[in-house]
Amino acid sequence: MNRPQTILVIDDDPMIHKLLPVRLKELNVQLLHAQDGEEGLAMANAHTPDLILLDVMMPRLDGFEVCRQLQHGVRTREVPVIFLTGSDNANEMSRGFELGAMDYVTKPFNANELRARVRSALRLQALVAALETQAKTDALTGLPNRSAFKHRLQRVFDRSRSQGTSFALVFIDLDRFKHVNDSLGHAAGDRLLVQVADVLQHEVAAAAKAAGRLASDFIARMGGDEFVVIVDSNEDVHTLMALGERLRAALGVGFPIDGHHVHVGARLGIRICSDWDATPEDLVRDSDTAMYAAKEQGKGRCVLFTEQMHLDARERVRIEEELQVALSNGQLWVAYQPIVDINTAQIAGFEALMRWHHPQRGNIVPDQFIPIAEESGLVVPIGRWVLEESCRQFVAWREQGLISDAQHISVNLSKAQIMHPDIEAHIVVACETAGLPFGQLHLEVTESVIMHEVNYIVQVLNRLRALGICISMDDFGTGYSSLASLHRFPIDTLKIDRQFTETIANSRQYAAVIQAIIMLADNLGMRVVAEGIESSEQLTLLQALSCGFGQGYHLGRPTTAEATTQLLRDHKDACCNHGTGVLIPIETAPGVWGERNGAVA
């Protein structure tokens, strides 16, 4: 034991205070002495002893009243009490036990009995303390755990509120911890967390020392790869942001794990706590919100909480709730945007895009609700509905003679969808129910999704491709994969990200990149679709680079199924009038080149 256990003796008899040190000498305990009940209560609250020996009969406050107040004290309610009494009255003893006493010792003391009862009480208290410490300690890192953090936060909050001071929470989440677990194993991940805990303790203590203050900050592991620091002092914004950047930099240098130098990095959210209308739970929520904002901004960020973040978080919750209703109430609909052969003006197919018309808010842009659908898991049922609806609509166009066997419908798959164990069954059922041949379905998956779980996702894509379904890599060029690694993936079509198309007219470098992508795709037997074509100049340059297909507002905006039906009829009539089947001159293709009738942005 690191320190001797402490016993507080509360008795108005001076002889008891002289006698007990002799009787308890061999127990190696520290004795504190109070001459009456009031003094005893004050000392108990100041020192929180391991055991209290309490006389029953005292002036002003007797032992029973002292015991009652001890049981109601925040710091003293768990301290065991042994009554000292000169009476063996059964009713008196019963009252003492009802008030919470654990034992009685009768005066005059039998030395052996006194030591035995005290020793037993101290052993029990030591066991309880050990169990409490264990319950509040993270077994892996040795840091305080979530339970200990909540207890400490409440204490710091209460003290700061009463004193009018401030403190701060720093919420920390590692960037690539899952990657370490998946690639090196969970044992390696555990060793990484231990090293992270050591780094945090060292850097927080060093920052406190550099600021010339006591290292009273509190570090806890919240679970998984999340940690939190209570900065228990009045620090300004600049000092706190400097601490956050210090921690971020320290966690970004890499860790030696099983012969590897592992880089993870971290995102940090900081909440300054000086508004006492909030609760401790609000402060934790806000620091987590700031960390989430750091996550949205990219890896290795440190962000200070603002009230706008809380409003944005509430808006995300509201949108998620309303999106649940939208799915069941028919507020969602599918828009169709043409994918065009840019050399012949032939409509090669359509991309199905999810849209939401809210009864009060009107049209909600996809950027506002699709990330929330993905984060909440709603993208799985919504994505399945989009797949079924677009397959059904495409077959309806075919039955009207507006679609040929050479054309296709493209549907996006999110990460949550493709990782879903029933994704293949969902796709097969959607095609077979609608009567759509597998070869007319193209599934679009972004680079970031493919690179998320490469081995697993490639297996899923191979199985889908074996059915005859075509796979498109969407947003290609955003930095996750490389041209050299394309052959690893079962890809039929590359969709060049719009950022390249937008700048092609002003940058020879982007034009050279697009040309390299087109040449490589041609060598690998892949088609190329340039996204985001919004001007005739961009179109002309892409034609000059031999890009096969294009998509964008210049070629046609996403429209309703009804407007798309009319577009297909107009296109069919124009083809017949020109006598060229489905191939018509660019400058005479109504509703495709530059015309946007019935468009819905």
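Just after helix α19, Gly525 takes a positive phi of about 75°. The model is predicted.

**Exercise 1. Find which residues of α19 are buried, and where they sit around the helix axis.**

Step 1. Locate the helix. Helix α19 covers residues 508–523, 16 residues in total.

Step 2. Check its span. From first C-alpha to last, α19 reaches 23 Å, close to the 22 Å expected at 1.5 Å a residue.

Step 3. List the buried residues. They are Ala511, Ile514, Ile517, Ile518 and Ala521.

Step 4. Look down the axis. The buried residues of α19 fall within an arc of 120°, so they line one face of the helix.

Step 5. Recall the geometry. An α-helix has 3.6 residues a turn, so residues three or four places apart point the same way.

Step 6. Turn to the face away from the buried side. Arg508, Gln509, Met519 and Asn523 are exposed there.

Step 7. Name the partners. The buried residues of α19 pack against β18 (470–476), β19 (493–496), α18 (498–503), β20 (527–530) and α20 (536–544).

**Exercise 2. Work out where in the chain Arg271 and Asp286 lie, and whether they are buried or exposed.**

Step 1. Start with the contact. Arg271 forms a salt bridge with Asp286, and the closest N and O atoms are 3.0 Å apart.

Step 2. Arg271 is in strand β11 (residues 266–273) and Asp286 is in helix α10 (residues 280–297), so the pair ties together parts 15 residues apart in sequence.

Step 3. Judge the burial. Arg271 and Asp286 are both buried.

Step 4. Widen the view. A network of salt bridges links Arg271, Asp282, Arg285 and Asp286.

**Exercise 3. For the salt bridge of Glu65 with Arg68, state how the two residues are placed in their helix.**

Step 1. Take the distance. The closest N and O atoms of Glu65 and Arg68 are 2.6 Å apart.

Step 2. Count along the helix. Both residues are in α3 (residues 63–72), 3 residues apart, which means a separation of about one helical turn.

Step 3. Check the surface. Glu65 is partly exposed at 24% relative accessibility. Arg68 is partly exposed at 35%.

**Exercise 4. Determine which parts of the chain Arg463 and Glu424 link.**

Step 1. Find the bridge. Arg463 forms a salt bridge with Glu424, with the closest N and O atoms 2.9 Å apart.

Step 2. Arg463 is in helix α17 (residues 454–466) and Glu424 in helix α15 (residues 423–434). The pair links distant parts of the chain, 39 residues apart.

Key
Residues are numbered from 1 along each chain as its sequence is written. This is a predicted model: local features need pLDDT of at least 70, side-chain atom pairs count only at pLDDT 80 or more; totals for chains, interfaces and linings use all residues. Side-chain values use heavy atoms; hydrogens and water are left out. Helices (H or I, at least four residues) and strands (E, at least two) are DSSP runs, numbered from the N terminus. The expected span of a helix is 1.5 Å times one less than its number of residues. Buried means under 20% relative accessible area, exposed over 50%, partly exposed in between (1.4 Å probe, protein chains only). The arc is that of the directions from the helix axis to the C-beta atoms. Contact means heavy atoms within 4.5 Å. A salt bridge is a side-chain nitrogen of Lys or Arg within 4 Å of a carboxyl oxygen of Asp or Glu.
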